[in-house]
Amino acid sequence: MAYELEGKLLEVCTCNVLCPCWVGEDPDGGTCTGALSWHIETGTVNGTDVTGRTLSILTFIPGNILEGNWKVVVYVDDGSSDEQQQALLDVWTGKLGGPVADLAQLVGEVLAVERVPVTFAVEGARGTLKIGTAVSAELEPFKGATGESTTLHDSIFTTIPGSPAYVGKASDYRVDSPAHGIKLEMQGHNAVQGTFRFAA
């Protein structure tokens with residue numbers, strides 16, 4: 001087995017709630033700038049232990065999400081060794097196939113790969129994400145009538161194939177990436193949390 005990874009996802013973007021990209025519709029405003037972060041709670045890639053590592057992308061999506069041509073900046077947490085970083089990049093660039101390769105094929109250009117401090121925390125229903133000095137976000141899922149988190153299943157697009165997505169709202173979402181011409185400060189926009197298990 002090339003890789004087996006389990007963990008959690010935090011995701012925020014410039015779309016309103018709920019994000020139309022997940023159901024194959026065009027993003028609100030015609031484009032989408034999002035931060036997606038996968039924290040691996042346990043996992044290996046070709047024998048390399050990547051437990052505790054986090055890979056994130058800051059992504060610009062120029063139109064309908066299914067048409068691809070994303071431009072991304074990839075961030076690997078600064079606790080990663082060179083071997084762990086390469087293992088994660090092998091997965092998330094699609095080189096090792098499997099469910100992550102379906103996502104990777106939507107990327108048209110990788111603008112940069114950076115190793116930065118990452119804060120990835122899920123406490124109860126709340127999530128906190130900080131990626132170096134480039135991204136910060138606070139997010140929380142919606143609640144249904146029973147008090148359980150609202151979930152999205154069987155959507156045409158997903159960043160956690162095979163798992164339900166907990167849709168919600170980011171009370172705060174900021175991006176400051178002058179090197180890539182992106183500066184945002186938003187409240188009340190789309191957020192997604194979830195768990196994943198990827199294997200190939």
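**Rings, a cavity and the overall fold**

Modeller: Residues 24 or more positions apart account for 66% of the contacts in the protein chain with a separation of 6 or more. A contact means heavy atoms within 4.5 Å.

Colleague: What kind of model is this, and how are residues numbered?

Modeller: It is a predicted model: local features need pLDDT of at least 70, side-chain atom pairs count only at pLDDT 80 or more, and totals for chains, interfaces and linings use all residues. Residues are numbered from 1 along each chain as its sequence is written, and side-chain values use heavy atoms, with hydrogens and water left out.

Colleague: How many helices and strands in the protein chain?

Modeller: There are 2 helices and 13 strands. These are DSSP runs, numbered from the N terminus: helices are H or I with at least four residues, strands E with at least two.

Colleague: And how compact is the chain?

Modeller: As compact as a globular protein of that length, because its radius of gyration is 16 Å, close to the 16 Å from the globule rule for 200 residues. The radius is taken over C-alpha atoms, and the rule is 2.2 Å times the number of residues to the power 0.38.

Colleague: What share of the residues is buried?

Modeller: Buried residues make up 49% of the 200. Buried means under 20% relative accessible area, with a 1.4 Å probe and protein chains only.

Colleague: Switching to aromatics. How many pairs?

Modeller: The count is 5 aromatic pairs. Rings of Phe, Tyr and Trp (its six-membered ring) pair if their centres lie within 6.5 Å; planes under 30 degrees apart are stacked, over 60 edge-to-face, the rest tilted. Trp38 and Trp92 form a tilted pair, 5.4 Å centre to centre with 45° between the planes.

Colleague: Where do those two sit?

Modeller: Trp38 lies in strand β2 (residues 32-45) and Trp92 in helix α1 (residues 82-92), so the pair ties together parts 54 residues apart in sequence. Trp38 is buried at 0% relative accessible area, and Trp92 is buried at 11%.

Colleague: How are Phe196 and Phe198 arranged?

Modeller: Their ring centres are 4.7 Å apart and their planes at 20°, so that pair is stacked. Phe196 is buried at 3%, Phe198 at 1%. Ring pairs link Trp38, Trp92, Phe196 and Phe198 into a cluster.

Colleague: Which strands each supply at least two residues of the largest cavity's lining?

Modeller: β1 (3-13), β2 and β4 (54-61).

Conventions: Buried < 20%, exposed > 50% of the residue type's maximum accessible area, 1.4 Å probe, protein only.
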